[in-house]
Amino acid sequence: MGAKRVDVAIVGAGLAGATAADVLARHGARVLVLDDNLHPGGQYLRGGRQAGSRWTDGARRRGLDLIDRLAETRVEVRSRAEVLGIEEGFELLVADESGELVVVKCEHVLLATGARERFMPFKGWTRPGVLSTGAVQILIKQSGILPARETVMAGTGLFLAAVARDIQKSGGQVPVVLEEAPVFTRIPPPALIARQFSRFLQGGALLAGLRLSGTAVRHSTRVLEARGGNGVQEVVAARVDKAGAPIPGSEMVYPAGCLAVGFGFAANIDLAQLAGCGLAYNSSLGGWVVRVDEDLETTVDGLHAAGEITAIGGAAKSLSEGQLAAYSILRRMGLLKSGEMIDKISTLKEMRRRQMAFARYFNSQYTFHPDYLTNWVRSLPDQVLVCRCEEVSLGDMRRAVADGFDTPAGVKKATRCGMGICQGSTCKTILLEVLAALTGKPHSQILLPSVRTPVKPVYLGTLAGQNP
Amino acid sequence: MIPYPHTAVSTPKTADVVIIGAGVIGASIAFHLTRHGIKPLVVEKNEPAAGSSGACDGLVFLQSKKPGLHLKLALESRKRFDALIHILGSGIEFKKTGGMCVIEDEAELAAMRLSVDEQRRSGLDMELIGGDEARRREPCLSEKVIAATFSALDAQVNPYALTFAFLAAAKSAGARILTGEAVRAVEVVSGKTRSVITDYHKFSSAVVINAAGALAAEVGRLVGLKIPITPRRGQILVTAAVPPLLRHCLISAQYVAAKFNPELAATGGTGFSLEQADSGNILIGSSREFVGFDRRTTFDGIRTIASRIVPVVPALKRVPVIRTFGGLRPYTPDGLPILGKVAGLEGFIMAAGHEGDGIALSAITGELIADLIATGRTQFPLDDFQLERFGVKDVQTA
Amino acid sequence: MRIPNRHRGRPITIHVDGRLVTAYSGETLFAVLCAEGIIALCPAHKGLTETARGGFCGMGVCQECRVTVDGMPDRRACMTPVREGMEVVTDGG
């Protein structure tokens, strides 16, 4: 059983974590970065330089350079290391790739645990061959593999279009992108367009590229079912009306070997919640996020958060926040005098404000009104599975709520939703959405289920201090 | 149940009996009262089994009970479970697995021999078997086990499913259950309970039952009583569901032996409990800590439990732990629950303090309290369980 | 299927359910299994809809790509880099 003592432990070697590590190390802090992935760089930089494109934006290039630089500095980056829990002091309980337990003691913690994809359930979504949009992107970028010749994309958000392009550029075909949201109804404020022009340009180029290669993007269209044997053979979709109900008679069937789904992102806030950080629900920030001040410090003394967990906001925001968090930590450590880097920090804060404004606009484009979601949930048949691990259906949940179990903790005990091996990583956001729809309560009043160590599965032998 | 937003539309303002707490004890009492034709009102500040009943393992263990009153109560409760399955249904996952208390060294063995004698004299059928026989019956046990005691009566159940089943049965017989509603005050006039005031309602009631488990002392303060129930945390590890590995539920002799050999209690070391639920998940406990109302699990607690169990059941080494939780046992100074009437406070009934035995004793507790209220008589006297045994004075009256 | 014209690591051989499979250093086990068309990896808990699962999120979160690797159970294929001689056992039913 190992033990380590450092000044700052950073959880997550994505853009935010890597940027922070770089700044901290350059100013003399002893840093340890713990990342659960095979390579540093988070989701954004998967596949390294090979996976980029001519349109590779500045954030990606800077991120890749950063990772290269980290390898040359004295920052220790431990890949395939799972942080199981965090306690006051601070202490982090970590399982490394060999199954050994390591306790990390540090004065400061930066949580940069990123985001995962979120989903809305439909019939057959647990069938092999139905993958998340992210899974398809990872297969392509990290391993150079296409899951099928024809892949249908479904869900909501520009990420669907981005991965559709990835598929096409890799020689695959995307017959259609099924987008739940209507065509953009909110015209962005001119000032926002001006400031974030390159991002709007990218989005536009993406959609144009799709159209040119023969992929239809159908708006206000919802995936209803993935049909097939043990794999996917065809995808059923239907148009939905403005209120969120499927329009009868509008069903379409698309043959496909793979169905890629994604409905936006959810911040990975488990460790923050476990550490007692104040959280907030804000749909324009992407749902439940960690509350931070403008120095990226959370409500827990000595604990900072940066990147997608403060708001779903993209690469550039993560780069700004990683730096800001690092400077804040350096100030507290006394490694930065009070007047030092003032201009730089000021500029970063201004950049962050703009990035947050863009994030709010972007997230609200793909946030559905509570009434819309209520109709959506109402339209789902009872047999649709909500909890994949324990195979808990929407019908089970409706019955539980009718029996008076109308809180996440109650539904969990009454149905076992969230009790499986993934401990709600996939179904928690769905559970909350369904409860909001069934009870009429706003999300901010729905109590998140408790989080305990370990936040990821770990062999009992590892916990016992033995190599399993 | 009250739908959101809270309205008082169809909630009558009186109740024959108000039960504070919808854990397994409150639920069992509600159920047993309906068997007498009484329709109680259960008021729960969170949701059913939100407290200890939803944060414990499901062992219905007799071997670990102190011979005498404690064991007698447990035996009676255990008998009731056989009949209850038929009424409450198989959803409660009651399984007569039989239980083993595993012995790992000679000191424990000597203490357990005494325990077996005493338990037998108190009416519990138990055998003392050697290590090889223990492994024959429970193949996953390692060579560290030198002997074990076995009781065919020990069993296991799903604790929150049991709670829900009691409540569902009570509800269909006319009981009312309000959740998300806390009791804020209890009105006492001339030494008699008159009404219960919650977040949203006022209910007139002549009988108020304190089944608030680890929070029973807080309820006691509402009526000016000092109730010596304090929370004692037990941490539990939950593994992923695995194919059947355990045939019985298990505890370690350390728990039991310490009662007979104070040295064993002093040398520290922790006992363990082990159970494989119907779902396939394995529950491994536990700790005993006084940490107030802190339900978090700790690195120390988790690692200690893991280190404790792996040498005894090595096959668990490569089983993933997916969750841990902490439950607050309602601890009393003498290890017996506080049951029955309270002198000087007519109408207020205690039914709390089951520390680690709430699930096993739920059946008999429900029956005794319901009988007390409905008929004034109980199968055996409750004098030894009364609050007064702690020398409580100063009951305030309005 | 493997995307052509991609730089790959050196070719290696792994064993999947007793069969020899060619993979490339740097690929994840999930990717290799996908390329081989092995999409049923572990059993569904109760088999209410279909009987097997085959991975969903691709990033270590959903736990549905669990296979046994070199005797160690419950390894997520998407988080496992392939190595020469790796022995993989799936349980897709």
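Which residues lie nearest the centre of the largest cavity? Select A:Gln423, A:Gly424, A:Lys428, A:Ser450 and B:Arg323, out of 19 residues in the lining. A cavity here is a set of points on a 1 Å grid over the protein atoms alone where a 1.4 Å probe fits but cannot get out, and lining residues have an atom within 4 Å of a point.

This is a predicted model, where local features need pLDDT of at least 70, side-chain atom pairs count only at pLDDT 80 or more, and totals for chains, interfaces and linings use all residues. Residues are numbered from 1 along each chain as written, chains are lettered from A in the order written, and side-chain values use heavy atoms, without hydrogens or water.

Stay with that cavity: its volume is about 190 Å³, and its lining has 9 nonpolar, 5 polar and 5 charged residues (Gly counts as polar). The structure holds 6 cavities of 30 Å³ or more.

Next, show chains B and C. Their contact (heavy atoms within 4.5 Å) takes 5 residues from chain C and 4 residues from chain B. The area buried between the two chains (accessible area lost on being put together, 1.4 Å probe, summed over both) is about 320 Å², with carbon and sulfur atoms giving 64%.

Conventions. 1 Å grid on protein atoms, 1.4 Å probe; cavity = no way out; pocket = protein on both sides within 12 Å on 5 of 7 lines; lining within 4 Å. Points joined across faces, edges and corners; volume = space filled by probe spheres on them.
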